[in-house]
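Reader: I am new to this structure. Could you walk me through it?
Author: Gladly, here it is.

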Amino acid sequence: MTSHQTTIDDAAWASPWRRRRVGEKVLLSVSLVLTALLTPAWPGCVLVAAVSVFFIVGPARIRPGLLLTVMIAPLTFLVMGSLPVAFQFGGTGWGIGGLRISPDGLGTALGLVAHGVAGTLALMVVATTTPMVDVVTWMRSLRVPDPLLDVASLMYRLLFVLLSTALAVRQAQVARLGDAASWRRRWRAVADTLGSIILRTWARATALQRGLEGRGYEEAMRTLSPRRQRNWGFVCGAVASVAGVWAACWVLS
Amino acid sequence: MSALLAAVDLTAGFHDHVVLRDATLRIAAGRRIALLGANGSGKTTLLRCLSGALRPSAGRVEVGGRPLSHDRASLRAHRRLVQLVLQDPDAQLFSADVTQDVSFGPLNLGLDDSAAWARVEEALDLLSITHLAERPTHHLSYGERKRVAIAGAVAMRPEVLLLDEPTAGLDPMGVGELLDTLRRLDTTVVLATHDVDLALAWADEVAVVCGGAVTQGDPALLGDADLIGRARLRMPWQLELVARLGLPAAPAARTMDDVVSRLGTQR
Amino acid sequence: MSALLAAVDLTAGFHDHVVLRDATLRIAAGRRIALLGANGSGKTTLLRCLSGALRPSAGRVEVGGRPLSHDRASLRAHRRLVQLVLQDPDAQLFSADVTQDVSFGPLNLGLDDSAAWARVEEALDLLSITHLAERPTHHLSYGERKRVAIAGAVAMRPEVLLLDEPTAGLDPMGVGELLDTLRRLDTTVVLATHDVDLALAWADEVAVVCGGAVTQGDPALLGDADLIGRARLRMPWQLELVARLGLPAAPAARTMDDVVSRLGTQR
Amino acid sequence: MHIAEGFLPPLQCAAWFAASTPFVIHGARAVIRASKESPENKLLLAAAGAFTFVLSAIKLPSVTGSSSHPTGTGAGAILFGPPVMAFLGTVVLLFQALLLAHGGLTTLGANVFSMAIAGPWAGYAMWKLLRRVSAPTWLGVFSAMAVADLVTYCVTSLQLAIAHPDATEGFGGALAKFLSVFALTQIPLAIAEGVLGVLLFGFFTRV
């Protein structure tokens, strides 16, 4: 499957950190996310971003190019979302209509971008090294009720099946010159495609239900998952990095 | 002798559309049976009835001579005995990775984790897919997914394995490997296929589904031009060649070796 | 003579995984070419490159000797010339009913309604599925859906029709009917398949994809035990039998008739 | 339009989590109930969730030049009811945050509130209202889907305006700014999604 929808997931499955305990990666990632949220842009966010990038492209061996691609979507939002903050009503300086760029506004906007970039990078520490389904499985230890996790992990499996169907159908339409169609007919094609995929999704879900019943499915969807060794070195490294960022903030402020 | 598993006078279908009518198939222990028939002839319906997944509207499924009742407890016991692998592996695989998926059946049998692990390893080994154990399901090729689906059934150690078109879409060597695997398994196998040559060479018995009924017999049955025509099949080349050359049909030449030796003695 | 369509020194793949490496295939006008290879060997990738759907990372696709550039206008022109039918009909069918689906391509060619209707009728007629015209796509059987998908491509009147495993999953008579249909079409056909017997009997030329490269030649190429082994195929029974009996390989016996007459003259 | 990680102040993150939690728990209870009724429902709900996620792979014929894709929360609310959508939407948002880097973890509460709660409930209310006055079905579908989108967009702008009020004009000024900067993509998208809903409805009457 070649699709940007699966870029992070593909990386996660291939990552050498895949075999680490999910809890340990979540600990590192979430504490970095919270640090990015709670510390000032300088030096907190800058350090969080640096530490995250170090872990992702360093020990977790994710291609820097991939990380860059992944960051495009959040960056788009961050830029668009920061514009209204940079421009303020009234004041002097360059602007559009009643809106003017002010040094204060610009500072706040840049700070927001810094928080956003650092936070997203911190989140990517777990995202690029842990398949989504491992996170779902890990949630069992948080006492999330089983049926909810069953639904979430089935979603994970089904979304790849559906995604490949959706992409194949779109490509087949282009092959029959679907991109040359009139605007009206293209809209109809999109609606028909969605309708067909819904019908097939339903058929698939029913087929899967039958297939699973044959394998003894009644209520529980229990499967084996490999036990991962706790790695105290990793935990200490994680705690030390986060503590380091906090210490730097305290010293530098 | 009562068959290990049998469909007796089975009538089944969907909604108003009857697919099977008074179909009977007897599966003796240890046999390899090839189930043949046109697209839509009812092969899959028959397999689903045998597996207990579909309840026939008339007739019965018999296990060791006793009719299967479709209550929950009986079906549970039946699934330990009989496993069906569907044609589309995506109708069977639901987990994110291979080990997880294969472990589903054994855990449903009530095995504890370590016993289930052993079953998974055994099944992956039998299917020669140990290297796939930690791979995500959605990164597997079609042929790999087919093997994983079979492993999921094999891990339940059924006495009867029902396979719906397991060779469809596999390359010739993949087909050969799969048949070798099935030989290694110590189970009774019913394999639905469109490949008449393969059926002739592999099976102990063939069963042809046609017009809602099942004709069961020796693989030489595939030399019956009338039946084959009605069933939208074709004659296996081995039998057709022998017939075209005007050689005696019996004993049936089933493999390339048979044909070569038969022709050798003729010249 | 320059080929109607060609892949020249093509390298292609996904992410870091190269599937084809310096693969060359030349398709002369009016030929029937069977494309063979193992699961995952790159048959589909090659077809997708030829159809313009996938851009090779090195090498080029040539149309009438001129390299295909992958800009929008060139690709559009290319799609009028070359149509690819995927293995899974569900990847191609999306409309509510058959007529609508088949008319999708012709209408995109800019034909007016009556001309598009004519194309649809023609295509349905060629595929012998006129009776399905008003049926909802989602209620069709697998074999019927396969035919509708081919009709959708045929209705664009391409000069080259690329078919990915069109016979997979069809019963033997369905395969025969499909091959008859392809004979009726007045187009160049490249058909990817795992069925070596069919390839030998049907094709003017075969192309074997193995190790990322393509070996193209006369169907007798399938008698090359070394190539066949590397490509995870098997030898067609016709050629294997002739070889096993120690008869001269040339001219290749391609059909049952050929084999019968060859053996007849030997005795 | 998902609020990115780090874009909201800590206290507001917590507040939006608190606001969303009862709805999501309510939805989760509905899902657990449904899957106890019949194990088949788990598969169907998962299929619905997967479909909602896959919608982000379907590009709509361009409306404003930017690539936009449907969200489907309005249709989901009509089909499964807003409580179930609150749960499925939460899972989808979590998937999007981790698989696509759309949205974030600390902003999950806020995003859930706008996309999985406010949007679906508004769309559902619109649908019920129009059914009550016996409006044609196509109008109901259109309105439900468009309103779900519009409300999501308005709530998101509201959340951003609360977080980052304008220096001189305060909350009102900020709201105007956020509403207008995202209007460019979100208003055409809302209409597009409504139209898509009507076409989709047409498809299902034909099969």
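Reader: What are the domains of chain B?
Author: The assignment gives domain 1 (5-235) and domain 2 (236-267), with bounds from an automatic or database domain assignment. This is a predicted model, where local features need pLDDT of at least 70, side-chain atom pairs count only at pLDDT 80 or more, and totals for chains, interfaces and linings use all residues. Residues are numbered from 1 along each chain as its sequence is written.

Reader: How many residues of each domain of chain B take part in the contact?
Author: Contact means heavy atoms within 4.5 Å, and 13 residues of domain 1 of chain B and nine residues of domain 2 of chain B take part. The C-alpha centres of the two domains of chain B lie 30 Å apart.

Reader: What area do domain 1 and domain 2 of chain B bury between them?
Author: About 800 Å², with 66% of it on carbon and sulfur atoms. Buried area is the accessible area (1.4 Å probe) that two parts lose on being put together, summed over both. On the domain 1 side of chain B, Asp197(B), Leu200(B) and Met235(B) supply 62% of the area buried against domain 2, more than any other three residues.

Reader: Why is H7(A) called oblique to H4(D)?
Author: Helix H7 (residues 146-175) of chain A and helix H4 (residues 82-100) of chain D pack at an angle of about 55°. Angles under 35 degrees count as roughly parallel, over 145 as roughly antiparallel, 65 to 115 as roughly perpendicular and the rest as oblique, so H7(A) is oblique to H4(D).

Definitions and conventions. Chains lettered and ligands numbered in written order. Heavy atoms only, no water. Axes fitted to C-alpha atoms, helices over the stretch in contact; angles between N-to-C directions. Helix = DSSP H or I, 4+ residues; strand = E, 2+ residues; numbered from the N terminus.
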